[in-house]
Amino acid sequence: MTLEGQETAGPLRATLLPTANGSRPSQELEGHWPEIPGRSPCVAGVIPVIYYSILLGLGLPVNLLTTVALARLAARTRKPSYYYLLALTASDIVTQVVIVFVGFLLQGAVLAREVPRAVVRSANILEFTANHASVWIAVLLTVDRYSALCHPLHHRAASSPGRSRRAIATVLGAALLTGIPFYWWLDVWRDADAPSLLDEVLKWAHCLTVYFIPCGVFLAANSAIIWRLRRRSHGGPRPRVGKSTAILLGVTTLFALLWAPRIFVMLYHLYVAPVHRDWRVHLALDVANMAAMLNTAVNFGLYCLVSKTFRAAVREVIHDAHLPCTLGSRPEGTAADSALKPPGLPQGAEM
């Protein structure tokens, strides 16, 4: 995910003649791009900067808390689903740091995009790697839940923490390899040339890799899971939807909804009207990018809403983090007596 929706703060190139906003239908929008492009105004103004600052300030601590809670649950239960959710949260953290902080805030707002092109393109590799890793770890979670519900005997025999870790490592390695070609991703705010065949291939590869193929897997697996649950309900009482299944349906649905605008605007920009010629497409891409990045911060609320076990783990993490501060503020003897007292014993029954 790159910074197509950001406005360049520096002066225009000498070859770019200032023209009126290109939202009117004319020959200027024929083909992929006009020969002499003009710049559409950044209608959103500072709203994206404020939005991404809030998203990073709230989302990053929440994801760190989620990581600690899921790590404890994974160590206790050794369930594959917790390992996949842990890897998904770690990918969201990398996405927030690399794309939201380094890309949108540091490079786009603070440095006004005055960054060497080699640095920008190297950052593209990390950005797309983080995107691909996050999406395809969700695919792993989907396949795991499908196997657990539709093929329970095979799932019990084959699933293990070691196998889950190997699958996650394979996905992370594949995400890095698939992110390397995006070093040549065309930045429309820096490159005056028309999009080449390579750029068109990369944009379609991005859409297929992060949206169309994963959403196809989500749709097929979730449909099979829902069909299996409904089939079980015909022979007796209505089956209870497990917490892991509910989390899976929520995660995949939120992803499909929040990423759909970006994919649509990207293809519209590529084939209909470029971002820098129509302020409406420019604004749509800004909003679409903000919606897509919101996906990195909403899973914590979903986990808390669905899982009582996760809520208990979060409370435990917060309590353990608060306990050293509480003990440190007490007198020395009181803290020592409290630490030595066994939990669960009634008053006056200390050993």
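Predicted model: local features only at pLDDT ≥ 70, side-chain atom pairs only at ≥ 80, totals over all residues.
Student: How many helices and strands are in the protein chain?

Tutor: Helices (H or I, at least four residues) and strands (E, at least two) are DSSP runs, numbered from the N terminus. Here the protein chain has 11 helices and zero strands. Along the sequence the pattern reads α-α-α-α-α-α-α-α-α-α-α.

Student: What does buried mean?

Tutor: Buried is under 20% relative accessible area, exposed is over 50%, and partly exposed is in between (1.4 Å probe, protein chains only). Of the 351 residues of the protein chain, 45% count as buried.

Student: Which residues of α9 are buried?

Tutor: Helix α9 covers residues 299-306. Six of its eight residues are buried, so α9 is mostly covered. They are Asn 299, Phe 300, Leu 302, Tyr 303, Cys 304 and Val 306.

Student: Is Leu 73 buried or exposed?

Tutor: Leu 73 sits in helix α1. Its relative accessible area is 3%, so Leu 73 is buried.

Student: Where are Ala 90 and Leu 208?

Tutor: Ala 90 is in helix α2. Its relative accessibility is 35%, so Ala 90 counts as partly exposed. Ala 90 and Asn 63 are 27 residues apart along the chain, and their C-alpha atoms are separated by 7.8 Å.

Tutor: Leu 208 is in helix α6, residues 197-234. Leu 208 has 37% relative accessibility and counts as partly exposed. Between Leu 208 and Ile 263 there are 55 residues in sequence and 9.6 Å in space, C-alpha to C-alpha.

Student: What is the phi of Arg 78?

Tutor: Most residues other than glycine have a negative phi. Arg 78 has a phi near 60°, a positive value in a residue other than glycine. Arg 78 lies in the loop between α1 (47-77) and α2. Its relative accessible area is 47%, so Arg 78 is partly exposed.

Student: How do α7 and α8 cross?

Tutor: Axes are lines fitted to C-alpha atoms, for helices over the stretch in contact, and angles run from 0 to 180 degrees between N-to-C directions. The axes of α7 and α8 (residues 279-294) come within 7 Å and cross at roughly 150°. Angles over 145 degrees count as roughly antiparallel, under 35 as roughly parallel, 65 to 115 as roughly perpendicular and the rest as oblique. So α7 and α8 are roughly antiparallel to each other.

Student: What is the handedness of that crossing?

Tutor: A crossing is left-handed if the near helix is turned anticlockwise from the far one by less than a right angle, and right-handed if clockwise. α7 passes α8 in a left-handed crossing.

Student: How many cavities does the structure hold?

Tutor: On a 1 Å grid over the protein atoms alone, a cavity is a set of points where a 1.4 Å probe fits but cannot get out; lining residues have an atom within 4 Å of a point. The structure holds four cavities of 30 Å³ or more. The largest cavity has about 160 Å³ of space.

Student: Which residues lie nearest the centre of the largest cavity?

Tutor: Among its 15 lining residues, Asp 92, Ser 134, Val 135, Phe 255 and Asn 295 lie nearest the centre. α3 gives the largest share of the lining, four residues.

Key:
Residues numbered from 1 in each chain as written. Heavy atoms only, no water. 1 Å grid on protein atoms, 1.4 Å probe; cavity = no way out; pocket = protein on both sides within 12 Å on 5 of 7 lines; lining within 4 Å. Points joined across faces, edges and corners; volume = space filled by probe spheres on them.
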